[in-house]
Structure formats: C-alpha cells, structure tokens
Amino acid sequence: MIPILFLLSVVVFALAKAMPGDALSGEIDPTKTDPQYIAEMRERLGYNDPIYIQYIRWLTGFIQGDFGKSFKYKMPVSDLIKERIPNTLFLGVCSLVITYILAFAMGIYSGKHPYTIGDNAIATFNYIALAIPIYVAAIVSIYFFSFKLGWFPSTGSVDIGLEKGTLDYWISRFHHVLLPALVLGAFNTASYTQFLRNDIMDNSRKDFVRTARAKGTSEKAIYNRHILRNSIIPIVTFLGFDIGSILGGAIITETIFTYPGIGQLFLNSLNFRDYAVFMAITMMISFMALLGNLIADLLYGVVDPRIRLE
Amino acid sequence: MSTATETTRSLAARQKSPSTWAIAARKFRKNRLAMAGLSFILLIVILSFLAPVIATQDITRVHFDQVEKKPSVEHWLGTDNNGRDVLTRLIHGGRISLTIGFSCVALVILIGTLIGAVSGYYGGKIDGLLMRFTDFVLLFPFLPFIIVINAIFIGKISGVWSLIIVISLLGWPGTARLVRGKVLAEKENEYILAAVSIGTKPYKIILKHLLPNVLSVVIVQASLLLAAFIVAETALTFLGFGVPQNIPSWGNMLSEARNSNVLRNKPWMWVPPATVITLTLLSINFMGEGLKDAFNPKSSR
Amino acid sequence: MRKSLLLLLTLLLAFSMLLAACGKDKEDNAQTDEPGVTDNTENNPPATTEDPNAPKYGGVVYYAVDAEPEGFFEPGFYGSAVDSEILAFTTESMFKTGDDLKTYPNLAEWTISEDKKTYTFKIKQGVKWHNGDELTAEDWAYALEVLADKDYIGPRYENVKYIQGAEEKHAGKADHISGVKVIDPYTLEITFSEVRINNLENLWSTPMPKKYYEGIAVKDLPEHEKVRKNPVGLGPFKVKNIVPGESVELVRFDDYWQGKPYLDGVIVKVIDSSLIAGMLQNGEVDIMGIRPANLEELSSADNVRVEEAQGVSYSYIGIDFGHYDHEKGQAVMDNPKFQNKQLRQAMMYALNRQALIDTYLNGKAIIANSPIPSVFWTRAPESELNQYEYNPEKAKQLLEEAGYKDINGDGFVEDPDGQPFKINFGHYAGSSAFEGRAQAIIQNLRDVGLDVQLMTGSLVEFNTYNDMKDNDDPQLELFFGSWYTGSDPDPTGLWASTALWNHGRWVNEESDALLKEALSEKAFDDNYRKDIYVRWQKLFNDEVPALILWENTDLYGINKRLQGVHINALGAQNDVHKWWISE
C-alpha cells in the first residue's frame with residue numbers, strides 16, 4: 001500500500017503544480033490586492049522554488065503529521081479537515097444505509113416478481129435515476145420536497161442556534177442529512193437494485209435451484225437460503241468500494257445542499273489552487289480507496305467460501 | 001432406396017450445426033426488448049450522423065430576438081437562452097455525446113482487454129506488475145488530470161478529445177480486472193493446455209482461443225460502459241470539465257437545469273436531453289441484457 | 001437477510017423520516033413565533049406600535065450569500081467578498097463612504113496639516129466594543145502596527161504602506177511605525193511619507209481590540225479563536241454562533257454607539273445560487289444580492305421586492321498592445337496589430353451593446369463609454385463623451401478609411417498590407433450565457449468584416465484565463481474582462497502604463513501624466529481634480545485602448561417585511577442598525 005501511495009503523491013503533486021495558476025492567481029481584486037503583496041506571498045510560500053524542493057518540503061511535513069496550512073482559510077489543514085470530516089462521514093454513512101436498504105427491498109421484490117407492473121415501475125424509476133445527473137436530481141428534489149412540500153430543509157447540516165449535543169441538535173442534523181443522503185445514494189440505489197434483480201433472476205434459473213425444488217424445499221427456503229445468499233455476494237463487494245469512496249463521492253451533493261464537507265472542500269481547493277488542502281484530501285481519499293479495495297477483497301472471502309480456500 | 005439415403009445424407013450435409021454466434025444472434029433477435037433497444041440506438045446514431053443534413057438550423061449564431069421561446073411550428077422544441085433551436089442542438093448534441101461514449105468504450109475495451117488478457121495469461125511477475133499498475137490508475141485523481149490535459153492541449157485539440165483521452169486513460173482498470181478474472185478461469189481449460197502443448201505461440205493462444213471465449217463478457221461490459229460514460233459526461237459538465245459550451249452536447253444542454261428559472265419555467269430546454277438520455281440508457285441496458293441472455297446457453301425465454 | 005428483518009428495517013427508515021419531518025414542523029412553528037415575540041421590548045422604550053410605518057424592535061433577518069465565508073471575523077485578515085458582508089454587520093470603521101462615494105467621518109473626524117502630510121484624528125468617546133471595553137486611539141494604532149508587522153500575512157499591508165515608517169517596520173527594521181503617534185486616548189496623529197490625494201481613502205480605518213488581543217503574536221492571530229470563534233467588534237451585531245461553511249448567527253449589540261439596533265439578530269446563511277429564487281419566495285431568506293437571471297422568477301413572488309442601484313463594476317473588452325516588462329515595472333507596446341485608432345473605434349461601433357445587455361442581463365446594466373462608473377463624482381458628463389452608438393455601417397466605413405479592405409472577396413477585410421487579418425477573442429468559461437455572449441460579440445465583429453474567432457476554440461477555464469492575462473500569452477488579442485472599482489475614483493491601478501492589472505499593456509504618455517496630476521497636491525481641490533479626470537476620460541474615449549461595454553446594475557431581492565434598507569453603489573448594508581421588520 002505504501003509504495004503506491006508514495007508514487008501517487010509524487011504524481012499528484014506534479015499534476016497540481018502543473019495546473020495553470022496558483023493560490024494567488026485568484027486574487028484579482030485590484031482595489032484590495034497589491035501586486036507587491038502577491039509577489040511577496042509567492043516567495044514566502046515557496047512557490048518560486050524548484051518543484052522537487054517544494055515536494056520534499058511537503059513530504060517531510062506530511063510524514064510527520066503536519067499537513068501544512070491552507071492558504072485560503074489561513075488555518076492548519078488538519079483543523080480544517082477535522083471540522084468538515086464528521087459532516088461527510090455522517091452523510092456518507094446515512095447514504096450507504098439508505099441505499100442498501102432501499103436497493104435490497106426493491107431488488108428483492110423485482111427479482112421475485114419479474115416482468116410485473118411493479119417490476120417495470122421500479123425499473124423505469126431506476127433508469128430515470130440513472131440518467132438524470134445528480135445536480136439536476138438535487139435541485140429538483142429541493143424544489144419539490146423542500147420548497148413545495150416543506151418536508152426537509154434545503155441547505156446546511158444543522159439548524160443554527162441549536163446547542164451541540166442536545167437531542168434537538170441531533171434531530172436537526174439527521175433531518176438535514178436525509179435529503180442529501182437520498183439524492184447522493186439515488187444513482188447507486190438504482191444500479192444496485194437492477195443488479196440484484198438480475199442476479200436473483202439468474203440464480204433462480206440455476207440448476208441447484210431446480211434440484212432444491214425437485215427435492216421439495218419450500219419456496220421461501222429456496223429464496224432465503226439459496227438464491228438470496230448467492231445474489232448478495234457481489235453486492236457485498238460493492239460495499240467495500242462504497243466505503244472507499246465515502247470521502248470523495250459527495251462533491252456535487254455537498255455543493256448544492258451547501259453541506260460543508262470534504263467533497264466541497266476538495267473542489268474548492270482545486271479551483272483555488274490551495275495546494276496543501278488539495279494534497280491532504282487527495283491522499284486521504286486515495287488511502288480510503290485502497291482501504292475500500294482491501295475490505296472488498298476481505299468481504300468477498302467472507303461471503304464466498306470458495307475464495308477463502310485459495 | 002438410394003434416393004432415400006441420398007436425401008438423408010444431403011440433408012445432414014446441408015444442416016451444419018450452428019455456431020455460438022449464430023445461436024446468440026437468433027436468441028437476441030427473439031428478445032423484443034433488446035431489439036427495441038437496438039433499434040433506438042441505431043436510430044439515434046443515424047440521426048446524429050445525419051445531423052448536418054437534417055438539422056440545419058444554425059447552432060452557433062446567436063439570435064437576440066428569439067431567446068427562450070416556447071415550442072412552436074418553427075422551433076419544434078423551442079429555443080434556448082441564446083436563441084438557438086433546441087431540436088437542432090439536441091441532434092448535434094447526440095453526435096457529440098455518442099461520439100464520446102463510443103470512442104471511450106472502444107479505447108477502454110481495447111486497453112483493458114489487452115492488459116487483462118496478458119496479465120491473466122502470463123501470470124506471475126507480469127501479472128503482479130500489471131495489477132499494481134492497474135491499482136495505481138484506479139487511484140489516480142480524475143479532476144486535476146483533466147485540468148492539466150486541458151491546459152496543455154488548449155487550442156491545439158478540441159475539448160471533446162481532451163475529455164475522451166482522459167476518460168479512456170483512467171477508465172480501463174475495471175475492464176482489465178474483469179478480463180483478467182475470466183482469462184484466469186479459462187486458462188485452466190484443457191483446450192488451452194492442448195494448444196500450449198503443441199507449441200502454439202502465446203499471442204495466438206490469446207487471440208484465437210482465449211479472447212473469443214472472453215468476448216461475451218467483454219461485450220456486456222462494453223454496453224455498461226457506454227451507459228456509464230454518457231452519464232459521466234453530464235456529471236462532468238456541472239463541475240465545469242465537460243464538453244466546452246460552444247459545442248452542444250446532451251450534458252451541457254441538461255446543465256441548463258442548474259438555473260432554477262429554467263428548471264421550473266422553461267422545461268423545453270432541459271427535458272428533451274433528459275428524456276433522450278434516459279431512453280438511450282434504457283436501450284443500452286436492454287441490449288446488454290439481451291446480449292447476456294443470448295450468450296448464456298441456459299437461458300431460454 | 002431475512003425478509004421480515006428487511007421489512008422491519010425499511011419501515012423503521014420510513015418512520016424515522018416521518019418523525020424527522022414532523023419535528024421540522026415544530027421547529028418551523030418555533031421560528032415563526034419569534035418575530036414579534038420578544039422579551040427585550042420590556043426593557044426598552046417601546047416604539048409606537050400604532051403607526052405601521054414607524055420602526056419596531058424585534059425580529060430576526062435571514063441574510064443569504066452564495067459562497068462560503070473563509071471565517072475571518074477580523075477585518076485585517078479577510079480576503080473574500082463574502083466575509084466582508086458579514087463584517088458589515090459586526091464591525092465599524094473610523095470613516096464611512098457616502099452615497100456619492102466620498103469619505104465622511106464615522107467614528108472619527110480629522111484635520112489636515114498645512115503640508116498635507118499629517119492628519120490628526122479625533123475619535124468619539126464612549127464607544128464600546130462587544131466585550132465592554134472602550135474604544136481608544138490605541139486600538140487604531142495597534143491595528144496599523146499589526147498590518148505593517150513583518151509577520152503579517154494578510155493582504156492589507158497596502159493600506160498602511162504609505163505611512164511614514166511603515167516600510168521600515170514591514171522590513172523588520174523598526175518596532176513601531178514612526179508616523180503613527182497616539183497623542184491621547186482619543187487622538188491619533190498619522191504622518192504620511194508623501195503628499196497623496198488618496199492617503200485618507202487608502203488608509204486602514206478599522207481598529208482592532210487591542211486589550212482583547214493582548215498577548216497574541218501577530219503570526220498567531222489569523223488562526224486564533226478570538227478571530228475565528230469569539231470575535232469582538234464595534235458593529236451593531238455580535239457573533240453568537242458559527243457553523244463553519246454554512247451559517248453565522250449574529251445577535252444585537254445593545255450598547256451599539258449609534259443606539260440600540262431594531263433587529264434582535266441576523267442569521268447569515270450560505271445557499272447555492274440555484275436556490276436563490278426559491279428561498280426568497282418561500283421566505284427562508286429575507287435579503288440577498290441577486291442576479292438578472294433571478295428576476296423572472298421573483299417577479300411573480302408577491303412577498304419579495306427587487307431594489308436596484310447602479311454599481312461600481314463594469315465590463316469591457318481588453319485589447320492587447322504588447323507585454324509587461326517586470327524588470328522595469330512598465331508595459332511595453334510592441335504589438336503593432338491594434339495600433340490603428342480607427343480600427344479600434346470601428347470595433348466600438350460594431351458592437352450592439354444594448355442587445356447584449358437586454359439578452360444576457362435582462363436589461364440590468366447601462367451602456368458605458370468611460371472606465372469610471374457613473375456613480376462617481378469624477379465621471380465625465382455624457383455630452384463630453386462619444387457615445388459610439390451601434391452603427392455597423394459606420395464601422396465598415398472607418399475600417400475602409402483605415403486601410404482595412406476586403407481584397408479577395410471572402411467577406412473579411414485584409415490589413416493595410418493586404419495580409420489576412422484574423423483576430424482572437426478570448427472569454428473565460430462559466431455559464432452558457434457567457435458562451436452566448438462571446439458568440440454574439442464575435443458575430444457583431446464578423447458582421448462588419450473582421451475575421452474574429454474564439455480564442456482556443458472554446459471558453460477558457462477561469463484560472464487558465466487569468467494566467468494568460470497575467471503572463472501576456474501571445475494568443476491573447478481581444479479579451480473579455482470586468483472590474484469592480486470600489487469607492488476609489490482613481491483608475492491608476494487599472495490603466496496606468498505601470499499597472500500590473502493593465503492587461504492590455506496600453507502605454508500613453510498623456511494618460512499617465514493626467515493620472516499622476518490627479519493625485520498631486522493641486523488635486524486636493526475637487527474641481528481641479530474632476531477637470532483632470534474629465535480630460536483623461538475624453539482621451540480614453542477617443543483613443544479606445546479598450547472597448548468599454550457596460551456598467552452593471554446591482555440587484556437585491558428583499559422580503560417585503562424587511563424595512564429600513566438603504567442601498568447604494570457599494571451594497572445594501574448601510575446603517576444596518578436601522579433595519580426593522582414590519583409584520
């Protein structure tokens with residue numbers, strides 16, 4: 001894992017510096033910023049040094065746990081991340097839970113009753129969810145569920161004015177996260193539902209099911225013990241990948257719902273060339289992705305005994 | 001008596017046993033949904049390529065006096081915020097979106113299959129190295145890469161090709177893994193061992209024996225990828241890294257919906273691309289399903 | 001997974017969502033109860049409740065912004081416009097800018113010495129900080145010292161740079177700025193290194209709470225919780241609660257020096273731009289700066305009014321004349337392509353600016369023929385400026401006179417030497433309106449025979465675009481840009497030949513001389529100064545070193561229940577302590 005991360009850090013750093021502009025090119029307000037200030041800051045931040053020196057500086061700091069300072073927010077990157085990570089994690093976990101519950105419910109129903117009206121309705125709904133890009137879905141759901149129906153708040157992670165730790169505070173947080181979590185998970189819900197449905201249908205045609213039926217096993221037992229268990233296998237591995245992408249996957253959702261999290265921070269750091277933040281988040285996301293891979297492999301082994309034996 | 005044996009023998013001679021492809025094709029043709037999907041895709045592709053001929057209204061010229069008009073006889077789907085005909089842009093946009101989709105799929109399948117096959121067949125160190133490389137590419141950050149590629153190629157190649165290059169360079173690991181898995185499994189079969197034992201060169205084994213058997217999986221994967229890439233284009237447009245705005249594409253037409261006024265009051269600007277994308281995805285999926293069923297010897301619907 | 005378990009989970013999920021939704025109704029009711037129900041009114045002189053037009057106490061206003069603040073509640077460190085909007089509620093400065101964009105006394109008055117280099121300020125007595133400390137001249141001196149400190153990394157050194165001794169302190173050679181003297185707790189004397197007309201406008205005028213920041217090193221200030229979480233200011237509202245990246249809760253500061261503010265508090269919310277209209281309509285947001293694109297939706301909202309004010313920003317098309325020599329600190333005009341004045345004037349006549357404004361800004365901008373916005377007192381009267389009305393025929397005529405003729409009959413003119421004449425027009429990427437606008441401009445120019453095409457073939461990513469402008473990329477020929485001038489009428493920073501922001505690299509001796517003259521000692525006489533600027537604007541208008549397009553009109557969506565809002569060219573937050581709610 002480490003060698004890949006190291007190599008990745010070199011490449012990403014090079015890429016980041018290769019992007020046109022730097023953290024100061026955004027300062028184009030002539031009434032407030034003086035070119036002299038820009039030149040001074042560039043020197044101070046070391047942007048004029050050769051790239052490999054800048055990289056080594058970053059690397060030595062990073063290894064020791066010093067992620068550097070954000071130029072935009074003028075605070076240590078680690079503090080900045082600490083502020084935002086709980087939001088993204090909360091959103092990601094809620095979204096995962098909702099996605100899997102819904103995907104299972106709809107997928108199993110569809111798989112059991114293929115080609116019925118219910119199945120077709122679910123399929124249509126899913127294909128629309130797949131086709132509509134997430135930002136359109138987000139805006140549509142805000143205007144419908146939030147403005148028109150008033151069921152959910154449209155922005156933020158929590159109501160302001162509530163004290164941290166109280167029950168009201170947690171209820172508010174949960175309330176705020178629901179709509180973004182639903183929208184975030186919509187795409188995955190749709191694909192997993194269809195996937196599960198197809199898998200269930202495939203498995204129900206397999207020979208061992210015919211055997212079980214011939215033996216006289218009840219339909220219920222066939223479904224629960226034979227078909228479902230096999231169909232779940234690939235889905236479970238998706239779980240690994242989903243965990244891996246928890247941090248970086250919500251960029252668009254966070255932006256539209258003004259839900260301050262890592263995704264939004266990442267996008268901003270990219271647009272404003274806030275290198276320290278960008279590198280720190282990229283490394284974190286890559287680490288999580290690798291971790292997710294590992295989890296997926298492990299889970300695969302847990303769920304499919306054939307793999308375990310190897 | 002001789003005529004009877006003649007007839008049976010000639011009958012037997014004429015009736016060759018059908019190949020896998022023929023069986024698959026026949027099954028596919030019988031699958032109504034899959035055929036519907038295929039027809040829709042063909043229709044869209046043909047329309048898109050005929051775009052310059054059939055959709056002749058100007059897609060670049062801005063018409064101040066015809067901005068945001070509702071659908072009418074002159075403009076079947078109305079006009080957008082620059083006074084351009086929506087239907088024309090939709091058809092031209094299909095060209096771009098489909099070009100991106102098909103090109104990326106072709107490139108990804110090519111790279112992925114090659115790497116996956118080589119990796120799976122040779123195993124050992126080569127496999128290890130290639131898989132490491134695959135993991136690395138999986139982790140590669142997409143956004144900064146596309147910014148840099150755009151910056152490097154600015155003015156030299158069109159933004160559409162930048163996008164295709166980046167998606168293809170970063171999108172093949174999934175396919176590689178898939179192909180590798182399949183090759184690993186197929187490799188153990190006796191006919192492969194037989195070919196090796198008579199001294200067939202590796203590239204011939206890969207090309208003539210392994211790949212055709214792996215192809216069915218690859219084809220299904222290709223259809224999934226096509227859907228995924230068309231969707232990816234729409235998502236990227238939001239972040240500003242999609243097709244540059246002066247070239248119409250379904251993605252950037254749909255991104256107009258970001259403006260709440262367009263979303264709520266001017267549906268003709270964004271619902272057409274949304275509908276077309278949905279139908280395209282549905283068609284691709286039905287086709288993919290159909291293909292999967294067609295190649296599966298056990299399915300018989 | 002057992003089916004029954006799955007069913008149970010799904011029900012649980014649905015139930016919890018329902019619960020949360022009901023919970024919201026409760027919260028909503030609690031919120032709507034607030035305006036009008038205030039306990040504070042008991043302690044204060046009740047405003048007359050019979051007259052509906054008289055200001056009332058009470059209520060919370062929701063103020064929205066469309067980008068997240070960086071979180072600096074100390075004006076010395078902020079860099080983004082969003083932070084400045086929040087600071088307008090919580091801080092106060094020594095002077096303020098009036099509607100005519102001139103500087104007026106606020107917390108301090110001043111007298112100027114004979115040699116015009118020394119300003120003596122008298123600060124009001126009894127003004128309190130949010131934590132109860134009294135404002136003194138020490139606080140202001142402290143602020144100036146911080147900005148000049150060598151460890152200071154914010155962008156405001158420029159606002160103390162011209163004080164005598166500031167450079168020495170900035171270089172670390174001195175401990176104090178020699179030009180800053182505290183005479184007594186309410187008197188501050190500042191001596192500038194040179195006589196400059198805008199010494200006062202340029203001077204940093206927001207004091208810092210010296211006692212509150214005592215003991216904190218300058219380099220630690222930006223991250224300190226006293227700047228980020230528990231700031232102390234002089235403004236009508238103080239910070240109560242911050243949810244990073246989302247919202248800031250402000251409550252009334254009862255001891256505000258201009259009297260108790262009417263509102264109980266203000267909540268600043270960050271919302272995505274696509275939700276602006278919706279949130280104004282459903283009352284979740286009371287006031288926000290809006291864009292022309294939002295007007296159509298808001299016109300049908302009967303609880304929202306739209307107010308407009310002519311602003312201080314304008315858009316233009318820059319023309320590339322050469323490059324910037326960093327050694328000499330001077331622009332060099334070594335690109336002969338656009339040197340012909342008639343060519344430039346022809347381009348002005350070729351542009352249908354009104355159509356562009358109507359189509360892309362919903363008519364909310366006015367055509368401008370001077371780079372000094374019309375709200376400034378130094379703006380030249382329209383009668384003195386060539387209006388360059390849309391006239392493609394005249395454009396073609398000018399081109400011919402200048403020697404640009406279509407020799408080969410392809411519809412586009414060749415240059416006076418008979419060579420093909422292609423022009424690049426650059427625009428940065430953004431919404432599809434940008435693309436349309438760029439296309440329209442190109443069309444206008446092509447229609448008079450100029451072979452203009454989009455630089456690089458598509459709109460350029462914003463940062464890349466800025467890089468190209470800063471580094472004088474050779475592909476840049478005509479380029480779209482906008483400026484926000486703030487309250488300083490002096491255009492030197494944008495148009496002088498030494499200015500880094502003069503991206504066109506225009507050099508004109510007369511222009512430089514006039515600009516310098518307008519900052520000299522004689523210019524202390526307003527009439528003299530205005531005269532010089534009028535001459536400069538006429539020069540600009542005739543020479544056309546850039547194609548000035550239009551000045552934007554600022555728009556604000558305001559809920560009808562919010563009263564007392566006074567809007568000017570700089571914004572809507574003037575005298576926020578006078579805002580009140582009528583129900």
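Reply: A crossing of two helices is left-handed if the near helix is turned anticlockwise from the far one by less than a right angle, and right-handed if clockwise. This is a predicted model, in which local features need pLDDT of at least 70 and side-chain atom pairs count only at pLDDT 80 or more, whereas totals for chains, interfaces and linings use all residues. Residues are numbered from 1 along each chain as its sequence is written, and chains are lettered from A and ligands numbered from 1 in the order in which they are written.

Me: What is the handedness of the crossing of H4(A) and H7(A)?

Reply: The crossing of H4(A) and H7(A) is right-handed, which means that the near helix is turned clockwise from the far one. The axes of helix H4 (residues 77–112) and helix H7 (residues 167–204) of chain A come within 6 Å and cross at roughly 35°. Such axes are lines fitted to C-alpha atoms over the stretch in contact, with angles from 0 to 180 degrees between N-to-C directions. Helices here are DSSP runs (H or I, at least four residues), and strands are runs of E of at least two, numbered from the N terminus.

Me: Why is chain C called as compact as a globular protein of its length?

Reply: The radius of gyration, taken over C-alpha atoms, is set against the globule rule, 2.2 Å times the number of residues to the power 0.38. Chain C has a radius of gyration of 27 Å, close to the 25 Å that the rule gives for 583 residues, so chain C is as compact as a globular protein of that length. Its C-alpha trace spans about 85 × 80 × 60 Å along the principal axes, and its secondary structure comes to 16 helices and 23 strands.

Me: What makes strand S8 of chain C mostly covered?

Reply: A residue is buried if 20 or more other C-beta atoms, placed from the backbone, lie within 10 Å of its own, exposed if 12 or fewer, and partly exposed in between. In S8(C), residues 237–243, five of the seven residues are buried, and the strand is thus mostly covered. Over chain C, 47% of the 583 residues count as buried.
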